[in-house]
Amino acid sequence: GVVLFPSTHYVLRAEEVLKGEGLNVNLIPVPREFSSNCGIALEFDYNNKEKVNKILQENKVEIEGIHDLL
């Protein structure tokens, strides 16, 4: 999956928080099929979608959306 963010600040915060929770995440350029104000997205295992969303909400990390990468 991929998480889109409104700014680089939130991407970097999300990476820190999610890695701190033991999740494997990678910073990637925003895929062409998605539009974002920020050019960087966070890639993760889509099976962890609910956990990723919950952790980001608990840590008040603003996102634009979570999408499945096919």
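Which helix holds both K19 and E15, and how many residues apart are they? Keep that in mind as you open this predicted model, and begin by selecting the two residues. K19 and E15 both sit in helix α1, 4 residues apart, or about one turn of the helix. Show their side chains and you will find a salt bridge, with 3.3 Å between the closest N and O atoms. K19 itself is partly exposed, at 43% relative accessibility.

Stay on helix α1, which covers residues 8-20, and select R13 and E16; they are 3 residues apart, so about one helical turn separates them. Their side chains also form a salt bridge, at 3.8 Å from N to O. R13 is partly exposed at 31% relative accessible area, while E16 is exposed at 55%.

Next, go to helix α2 (residues 49-58) and pick K54 and E58, which lie 4 residues apart there. This salt bridge spans 3.2 Å, N to O, and both residues are exposed. V3 is buried, with a relative accessible area of 0%. Leaving aside residues up to four places away in sequence, its contacts include A41, L42, F44, V52 and L56. For another view, select A14: its C-alpha atom is 9.4 Å from that of V3, 11 residues apart along the chain.

A search of the whole structure finds 1 aromatic pair: the rings of F44 and Y46, whose centres are 6.3 Å apart and whose planes meet at 35°, so the pair is tilted. F44 is buried at 6% relative accessibility, whereas Y46 is partly exposed at 30%.

Notes:
Residues are numbered from 1 along each chain as its sequence is written. This is a predicted model: local features need pLDDT of at least 70, side-chain atom pairs count only at pLDDT 80 or more; totals for chains, interfaces and linings use all residues. Side-chain values use heavy atoms; hydrogens and water are left out. Rings of Phe, Tyr and Trp (its six-membered ring) pair if their centres lie within 6.5 Å; planes under 30 degrees apart count as stacked, over 60 as edge-to-face and the rest as tilted. Buried means under 20% relative accessible area, exposed over 50%, partly exposed in between (1.4 Å probe, protein chains only). Contact means heavy atoms within 4.5 Å. A salt bridge is a side-chain nitrogen of Lys or Arg within 4 Å of a carboxyl oxygen of Asp or Glu. Helices (H or I, at least four residues) and strands (E, at least two) are DSSP runs, numbered from the N terminus.
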